[in-house]
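Colleague: I have the model open and would like to go through it with you. Could we start with the charged side chains and then move on to the overall fold?

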Amino acid sequence: MATRISRSNVSNMFDSIAPTYDLMNHLLSFGVDRGWRRKTVKLIGQGRHQTIADFATGTGDLAIALAKKLSPKQIYGLDFSAEMLKIAKSKCEKEGVGQRVELREENCEHTTLADGEAEAVTCAFGIRNFNDAEQGLQEMHRVLTRGGQVAILEFSTPRKGIVGALVRWYYMHVMPFAGKLIAGNKGAYTYLPKTILEFPDGERFCEMMRQAGFVEVGFRSLTFNMVNLYFGKKA
């Protein structure tokens, strides 16, 4: 597993890159990240959920997409980065979903949500940065109501062939360079690719979900296996 840095340092890191976070995401994914979120919204939309908890909401892209497309009564956007949440709040107001999305500065491994409060839980590109991913999954399971649905979008790493080699080169060389040039923070975009490369993806992560109590667990690989969309339910 990756060498972890403290929760406070991770929070500070995300605070520092918040102003350019959306731009970097769109540039480094060539805009495909929007499509990945649309697929997550479509998956969650099958359940007609009225209360959704979006873990590691960041600048709010997934929470906003859920609010606009599905029109649930309540979305809780949870994140430990105050600067990310400031941007999320501004975007929610601009998109007209500020009344529906409640943003909370929280540790996603120990939230203030009540047991069974959410009918669905989502998380996009955040769980690999949790201090304890197992605890994060257990927390997602705790806040879900019985029969509730979880959808987790996270990067993966193709391990074989020329595609895998190119992706690893891109993560380890292009992302740090772009981080320095655009975000002014090479360190953050050196650390973040390492968390991708060392994350227990695919079936290994599915087993972690099962250990946390989820059933009907599976995943879909997207864009040359660069991203996995994991899903499951609370029995």
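Colleague: Is Arg204 buried, partly exposed or exposed?

Modeller: Arg204 is partly exposed, with a relative accessible area of 45%; buried means under 20% relative accessible area, exposed over 50%, and partly exposed in between, with a 1.4 Å probe and protein chains only. Please keep in mind that this is a predicted model, in which local features need pLDDT of at least 70 and side-chain atom pairs count only at pLDDT 80 or more, while totals for chains, interfaces and linings use all residues. Residues are numbered from 1 along each chain as its sequence is written, and side-chain values use heavy atoms, with hydrogens and water left out.

Colleague: Which residue does Arg204 form a salt bridge with?

Modeller: The partner of Arg204 is Asp201, and their closest N and O atoms are 3.1 Å apart. A salt bridge here is a side-chain nitrogen of Lys or Arg within 4 Å of a carboxyl oxygen of Asp or Glu. Asp201 counts as buried, because its relative accessibility is 5%.

Colleague: And how many salt bridges does the structure hold?

Modeller: There are 14 salt bridges in the structure. One of them pairs Lys91 with Asp61, with the closest N and O atoms 2.5 Å apart. Lys91 sits in helix H4 (residues 82-94) and Asp61 in helix H3 (residues 61-70), so this pair ties together parts that are 30 residues apart in sequence. Helices and strands are DSSP runs numbered from the N terminus, a helix being H or I with at least four residues and a strand being E with at least two. Lys91 itself counts as buried, at 18% relative accessibility.

Colleague: What about Lys233, which residue does it form a salt bridge with?

Modeller: Lys233 forms a salt bridge with Glu216, where the closest N and O atoms are 3.9 Å apart. This pair links distant parts of the chain, since Lys233 is in strand S7 (residues 227-234) and Glu216 is in strand S6, 17 residues apart. Lys233 is partly exposed at a relative accessible area of 34%, whereas Glu216 is exposed at 56%.

Colleague: Changing topic, which residues gather in the patch of positive charge on the surface?

Modeller: The positive patch brings together Arg34, Arg38, Lys39, Lys42 and Arg220. Patches are made of residues with over 30% relative accessible area and no salt bridge, like charges being joined within 9 Å and nonpolar side chains (Val, Leu, Ile, Met, Phe, Trp, Tyr) within 5 Å. Lys and Arg count as positive and Asp and Glu as negative, with His and the chain ends not counted, and the place of a charge is taken as NZ of Lys, CZ of Arg, CG of Asp or CD of Glu.

Colleague: Which helix gives the most to it?

Modeller: Helix H2 (residues 33-45) gives the most to the positive patch, with four residues. Arg220 lies in strand S6 (residues 214-222) and counts as partly exposed at 41% relative accessibility.

Colleague: And which residues make the nonpolar surface patch?

Modeller: Leu23, Leu27, Phe177, Leu181 and Ile182 make a nonpolar surface patch of about 500 Å², with accessible areas taken from the Shrake-Rupley method with a 1.4 Å probe and, for residues, only the protein chains shown counting as cover. Helix H1 (7-28) and helix H6 (161-183) each supply at least two of its residues, and H6 has the largest share, with three. Leu27 belongs to helix H1 and is partly exposed, with a relative accessible area of 43%.

Colleague: Now the fold: how many helices and strands are there in the chain?

Modeller: The chain has eight helices and seven strands. Its radius of gyration is 17 Å, close to the 18 Å that the globule rule gives for 235 residues, so the chain is as compact as a globular protein of that length; the radius is taken over C-alpha atoms, and the rule is 2.2 Å times the number of residues to the power 0.38. Of the 235 residues, 54% count as buried.

Colleague: Why is helix H7 largely enclosed by the rest of the structure?

Modeller: Helix H7 (residues 188-197) is largely enclosed because seven of its ten residues are buried; among them are Tyr189, Tyr191 and Leu192.
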